[in-house]
Amino acid sequence: MDTTQLLKGVLDLAVLAVLREEDGYGYDVVRRLRDAGLDEVGDASVYGTLRRLFGAGALTSYVVPSEEGPHRKYYGLNKAGRAQLDLQTKTWSSFADTMAELVKTEGKRA
Amino acid sequence: MSTNVTTYAAQVRSALADLSAEQQDDLLEDLEGHLLEVSEDGDLLERLGPPAAYASELRSSAGLPPATAAPSRLARAVRSRLERLRTRAEEVPGGREAMAFAPELRPGWWVVRGYAAVLLLGAVTAGDGQFGLSSFPVPTAWGSSVLGALLTVAAVVVSVRLGRGTDALPASRRRAVVAANVALVVAGTAFASEVRDLVGTDAYYYQAANPYTDILSGPDGPVKNIFPFDALGRPLRDVQLFDQDGRPLSQLLRESPDGRYAEPAIRFGVDGQPKPNVFPRDYRVDGYDAQGTPTTQPVPPPSVAPPVLAPSPTATPSPSPSRTPTPTPSASPSR
């Protein structure tokens with residue numbers, strides 16, 4: 001099953017969850033998502049999601065200057081972001097449980 | 001490897017060309033840093049896919065609508081050229097700082113733009129042949145400087161508000177603003193060069209002393225001729241007149257009393273120089289005499305009977321002018 005479509009629906013949640021651990025910049029978040037097992041996640045998608053979440057007021061951001069390269073923009077959760085994370089976690093958990101039940105029943109029948 | 005990053009970034013940027021400048025900056029500010037890091041791990045195209053795909057993934061995950069219209073070949077070529085110029089400018093020492101400083105000058109441009117627009121309006125609506133600059137630096141509108149001043153205030157306000165809102169406009173509107181800016185600059189430059197010519201010629205004409213301001217005037221109009229009489233009331237001819245500074249008295253209107261002839265007949269001294277201050281003036285008449293010299297017509301004196309003067313109380317003659325003119329008998333024939 002192609003996880004790309006699935007991922008699109010929950011990318012917000014995944015990004016928020018990663019940032020809850022620790023603030024991160026774009027590529028850093030991409031790496032952490034992939035390390036967590038989400039190989040399919042696209043760099044551009046993560047960047048776009050970060051910008052959208054920031055625009056929606058769920059993230060703080062600050063620039064960290066760097067000597068060897070361009071400055072990096074770090075993102076972190078703010079209060080609204082944490083609230084959104086909790087809400088989406090609940091939604092996801094309930095949805096995942098429902099799907100699990102559905103699949104189990106189907107499996108049993110077959 | 002860094003060339004790849006630049007090219008890739010430029011292509012992503014051009015795929016987002018239809019977005020407003022603000023939106024583009026938001027999406028692209030981390031792009032090059034990101035591309036650099038990815039390029040350290042491998043090839044950009046392999047890891048990220050083609051730039052157009054990257055751009056479309058970026059904009060959709062950011063919640064922006066997909067590209068409205070594919071920019072034309074020309075637009076894309078222009079944009080990529082501008083991109084290359086921009087990266088070149090940033091590589092020059094101090095270039096990055098200069099590029100960062102440029103946006104701070106924008107509000108100044110908005111003010112200048114409003115003022116220039118009213119100046120242009122004044123130049124177009126002026127009927128005085130002076131491009132509406134009679135009250136410069138206050139612009140005029142239809143000749144009125146009050147209206148010009150009011151319009152300037154309004155225009156500057158409008159221009160500043162437009163300037164502040166330009167970044168949030170859709171691409172087609174932004175292009176219209178840029179086109180209007182360019183048109184204003186071009187029109188302004190064209191008018192400026194015309195005005196420069198005008199000012200130049202004005203100065204030139206002013207120097208060639210306005211012939212009408214220096215003319216002797218009587219209560220009924222300009223003096224055209226002088227008829228001297230002696231103490232006994234007898235008309236004099238060939239009288240040379242000088243003012244208190246010894247300058248020849250020549251600022252008389254040149255046309256003849258009946259308005260027919262503009263050229264008085266000039267008398268010449270033995271030195272061959274013209275003597276315009278010999279009175280009464282004769283006037284040139286159409287025609288030539290047998291020798292081929294133009295004929296002149298003596299002008300009859302006005303019908304006044306000058307009185308006989310009482311003997312002057314002072315025995316000595318009146319003081320002579322600072323520069324005593326050398327008495328020169330009038331040369332003949334007069335030309």
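In the predicted model, helix 2 (residues 26-35) of chain A packs against helix 3 (residues 43-55) of chain A at an angle of about 120°, the two axes lying 9 Å apart. That angle makes helix 2 of chain A oblique to helix 3 of chain A, and the crossing of the pair is right-handed. Helix 2 of chain A contributes Gly26(A), Tyr27(A), Val29(A), Val30(A), Leu33(A) and Arg34(A) to the contact, while helix 3 of chain A contributes Asp43(A), Val46(A), Tyr47(A) and Leu50(A). By residue class, this contact between helix 2 and helix 3 of chain A comprises 7 nonpolar, 1 polar and 2 charged residues.

A further helix pair was examined in chain B. The axes of helix 8 (residues 106-125) of chain B and helix 9 (residues 145-165) of chain B come within 8 Å and cross at roughly 140°. Helix 8 of chain B is therefore oblique to helix 9 of chain B, since angles over 145 degrees would be needed for a roughly antiparallel arrangement. The crossing of helix 8 and helix 9 of chain B is right-handed. On the side of helix 8 of chain B, the residues in contact are Arg106(B), Trp110(B), Val111(B), Arg113(B), Gly114(B), Tyr115(B), Val118(B) and Leu121(B). Their partners in helix 9 of chain B include Gly148(B), Leu151(B), Ala155(B), Ser159(B), Leu162(B) and Arg164(B). The residues of this contact between helix 8 and helix 9 of chain B divide into 10 nonpolar, 5 polar and 3 charged.

Between the two chains, 18 residues of chain B are in contact with 16 residues of chain A. Chain B and chain A bury about 1,500 Å² between them, with 51% of this area on carbon and sulfur atoms. Of the area that chain B buries against chain A, 35% is supplied by Asp30(B), Glu37(B) and Ser61(B), more than by any other three residues. The interface between chain B and chain A also contains 5 salt bridges. One salt bridge joins Lys73(A) to Glu29(B), with the closest N and O atoms 2.7 Å apart.

Two local backbone features were also identified in loops of chain B. The peptide bond from Phe279(B) to Pro280(B) is cis, with omega near -5°; Pro280(B) is located in the loop between strand 7 (278-279) and strand 8 (282-288) of chain B. Asp238(B), a residue other than glycine, has a positive phi value, near 60°. The position of Asp238(B) is in the loop between strand 2 (221-222) and strand 3 (239-240) of chain B.

Terms used. Residues are numbered from 1 along each chain as its sequence is written. Chains are lettered from A and ligands numbered from 1 in the order in which they are written. This is a predicted model: local features need pLDDT of at least 70, side-chain atom pairs count only at pLDDT 80 or more; totals for chains, interfaces and linings use all residues. Side-chain values use heavy atoms; hydrogens and water are left out. Axes are lines fitted to C-alpha atoms, for helices over the stretch in contact, and angles run from 0 to 180 degrees between N-to-C directions. Helices (H or I, at least four residues) and strands (E, at least two) are DSSP runs, numbered from the N terminus. Angles under 35 degrees count as roughly parallel, over 145 as roughly antiparallel, 65 to 115 as roughly perpendicular and the rest as oblique. A crossing is left-handed if the near helix is turned anticlockwise from the far one by less than a right angle, and right-handed if clockwise. Contact means heavy atoms within 4.5 Å. Ala, Val, Leu, Ile, Met, Phe, Trp, Tyr, Cys and Pro count as nonpolar, Asp, Glu, Lys and Arg as charged, and the others, Gly among them, as polar. Buried area is the accessible area (1.4 Å probe) that two parts lose on being put together, summed over both. A salt bridge is a side-chain nitrogen of Lys or Arg within 4 Å of a carboxyl oxygen of Asp or Glu.
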